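Hi there,

Here is the structure I promised to pass on to you. Please open it and keep it beside you while you read my notes below.

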Protein chains: 2
Amino acid sequence: MSAEEAAALIEPGSIIGMSGFTGAGYPKAFPQALASRIAAEHEAGHPFRVSIWTGASTAPELDGALAKVDGMEMRLPFQSDPICREKINTGKMHFADMHLSHVAQHAWFGFLGHLNVAVIEVCAIHEDGSFVPTMAVGNNKTWLDLADKVILEVNNRLPLQLDGMHDIYYGTAIPPQRVPIPLYGPHDRIGVPHLRCDPSKVIAIVETDAPDRNTGFAAPDENSERIAAHIIDFLAHEVKVGRLPKELLPLQSGVGNVANAVLAGLLKGPFDGMTGYTEVLQDGMLDLVRAGKMKSASASAISLSSEALDDFLGNIDYYRERIVLRPQEISNHPEVVRRLGVIGMNSMIEADIYGNINSTHVLGSSMMNGIGGSGDFARNSYLNFFVTPSVAKGGKISCIVPMCSHVDHTEHDTQVIVTEQGLADLRGLSPRQRAQIVIDRCAHPDYRPMLQDYFDRARQSGGQHTPHILGEALAWHDRCLKTGTMRL
Amino acid sequence: MSAEEAAALIEPGSIIGMSGFTGAGYPKAFPQALASRIAAEHEAGHPFRVSIWTGASTAPELDGALAKVDGMEMRLPFQSDPICREKINTGKMHFADMHLSHVAQHAWFGFLGHLNVAVIEVCAIHEDGSFVPTMAVGNNKTWLDLADKVILEVNNRLPLQLDGMHDIYYGTAIPPQRVPIPLYGPHDRIGVPHLRCDPSKVIAIVETDAPDRNTGFAAPDENSERIAAHIIDFLAHEVKVGRLPKELLPLQSGVGNVANAVLAGLLKGPFDGMTGYTEVLQDGMLDLVRAGKMKSASASAISLSSEALDDFLGNIDYYRERIVLRPQEISNHPEVVRRLGVIGMNSMIEADIYGNINSTHVLGSSMMNGIGGSGDFARNSYLNFFVTPSVAKGGKISCIVPMCSHVDHTEHDTQVIVTEQGLADLRGLSPRQRAQIVIDRCAHPDYRPMLQDYFDRARQSGGQHTPHILGEALAWHDRCLKTGTMRL
């Protein structure tokens, strides 16, 4: 049926679980049709909002369209859409910012409410009723299992050679029935290639022919290249002293330009036979796989620029042998991440001198995108890096601050902080030891004296485990809100 | 040999891994002898400090004695000793506050430095060279494996019937050699009952005859009983709606009087056939096991009052069938905690209205004890509770604040906050939704209007995902530092 006919089947107040992870594999037609219907209902004076669960971020056709018409009551677990963000930060919709590995299990436990409808993009429907997933697996298995009703979007744009790239693990359970996840290596396949659901739940099938978001990446700038060089030097040192094998351990890389630059750096770096175990595979990791530097990569989604997508589609048989796409409850699972000993690399908004990390909030209150999988990986990694340029907004904001205005990763979870200025290895250090290293190595020279002054004065009185001056700890952020800069 | 002779074998600057977890199983004679030696060296003008790693907290004979003589350069991963705390908070020693599940692996990875000596209390040494552990396992296996030299304290006070209560898992490895931990139920035994080490590493054996710390518990007060009642009501509700099995899921309980009161409440509560999967077994859980309400309990240590210890020793054959003591890397392992679906209950210092939790710092800077296992359990639990009376210091301090002065558990990890005032179920909510519930349900009536005023004014301007007034967010703590109270 048409997307409009499918959208007509939705009740106001529904909870809808949609496919989509990092701008890949989201339904393209249905959400826009639903947004149109909601706009019409609103114009007619009828309240109409729904709650939307996904894997992670989607695209303008989904988050943008539904946010624009004020169609979402609650959104979880992650978003990155400008309109959606504006609605969250003006208080017009609710957003629950969750660890990506928690989402499926909390839905199964019944902690999030009852899922009424699943809307899932698929590549094809087999005669046996099973589905070939698309460029993202996300929470699709869980939505298909839990929802009362299912709407499928079959995207004809996608090649059938995707069939066989996915590994859908159907062995999860609710405690006390859980057993070990039998995944021993990053490339292991432990499930089946297809999704499935009770056919009687399918209330609509909509055909589409549309691309994913396919956001491009900026060419690595000087700061990104410096950050990449610091990380590669450090990894080489760790190999040299015997704390990492020469092929490293499975790499996880967050999204964005800096992460992409680090992977680009590894393309020229000294490591061979690498593996990836990450939540989203982007251009940089694809390049590593193509070059043979990375022998396999596991993710929950593939999110590429248009150019990289052409390469991927043109060499899909090569990539299908080397890439596995999994549900996010497996790609991000603490059990698996810890067992494999993943090396986590995630960007951040700011770090404080004691090693706390803010990944989500601008100046304490405004949501950027969400925590995503950074907590799943950082806490359970063998080694983790948090990276950012040392300043933002042309130097008006220091990304190293006295105290984070919001904490997403605590001092207990942070190992290495990297800016273009340098790298601070915080392993095994006390807060006071960390502070001096973060100031010396990571802060921008324009802000280093201010940070040193804060730290020096904080050591004059009060508790000396984590010296702070509480009346000043957030003054940098407050000043920025009032004057537009953290500078004095 | 004597403890003094053993202490004479230690080089200045050594890193020493000692047994001890929650005031149980720590060496009693050696640390005091080492402290005496350090004091004498200091008097003679010779610098002499060591770094001390343990399982968790110890007792005056270890942390107190060594802190008193300024004998510790670095202490990790947890402490609760008044003298040690004072030295940390006056900047006279360093403390690295770590997740208890991270310690063994970070030592194995080489992230913390090289372990020179292990000093381990044992109950007995078998003819085959293996050791019967005492009341705590902690990191003993790891210290024995990693240290160059080993000093054993054989404590003759302990009954040999402890033999068989422990389960030492020797299947851990460094990535990429890790495999699933084959633990399916809280009472499973997956290892061997004894510790071992290369006999050639043993440089001293010291005999002792001394009790553990055996701290008593306060009888549950009215606030603790109210907190317990809120939790039990909530658990009963979750069973009723089908979100928990009628025997619940394995219980984890933090240390202290409130936690003990919750367990005391469960003794009279409606649940039978319970199990425990926790890091330390204290009086309340022992009572549940004795009464048959809890069919088995797994922990890394047993830390009892003197009265409970008498019961334990008098019925040790009964308890040995029902209690398993494990290394803390297993008792607290994210893989196992998540698989079993543990119900975590941990005390805290303060919560903010958005659900962030401070477990470690008084007024932002001063260390109380440490994060311990609260992060291991909270993040990976099926369901978690953070509990505190709503006020401290006779009402001068509100334990519900606008913004935590230190964050140990982020909003992403917190599910249920409980005070004597009531219970706030935060599952699936946005920050704004959480704030109103925390204010309404958990805050003390004396502070509720102040919190509501803050929240109302924060919603007047600025980012509305997590509304804050940054210039005021920590003003309550700052006022308390200056005036002794958070009251206006």
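**Notes on a few residues**

Asn89(A) sits in helix α4 (residues 82-89) of chain A, where helices are DSSP runs of H or I with at least four residues, strands are E runs of at least two, and both are numbered from the N terminus. This is a predicted model, in which local features need pLDDT of at least 70 and side-chain atom pairs count only at pLDDT 80 or more, while totals for chains, interfaces and linings use all residues. Residues are numbered from 1 along each chain as its sequence is written, chains are lettered from A and ligands numbered from 1 in the order in which they are written, and side-chain values use heavy atoms, leaving out hydrogens and water.

Is Asn89(A) buried or exposed? Asn89(A) is buried, at 14% relative accessible area (buried is under 20%, exposed over 50%, partly exposed in between, with a 1.4 Å probe and protein chains only). Not counting residues up to four places away in sequence, Asn89(A) touches several residues, including Ser365(A) and His465(B) (contact means heavy atoms within 4.5 Å).

Now to Asn257(A), which belongs to helix α8 of chain A. Asn257(A) is partly exposed, with a relative accessible area of 37%. Beyond its neighbours within four places in sequence, Asn257(A) is in contact with Phe217(A), Ala218(A) and Ser224(A).

Last, Val255(A) lies in the loop between β10 (251-253) and α8 (257-268) of chain A. Val255(A) is partly exposed too, with a relative accessible area of 34%.

Enjoy exploring!
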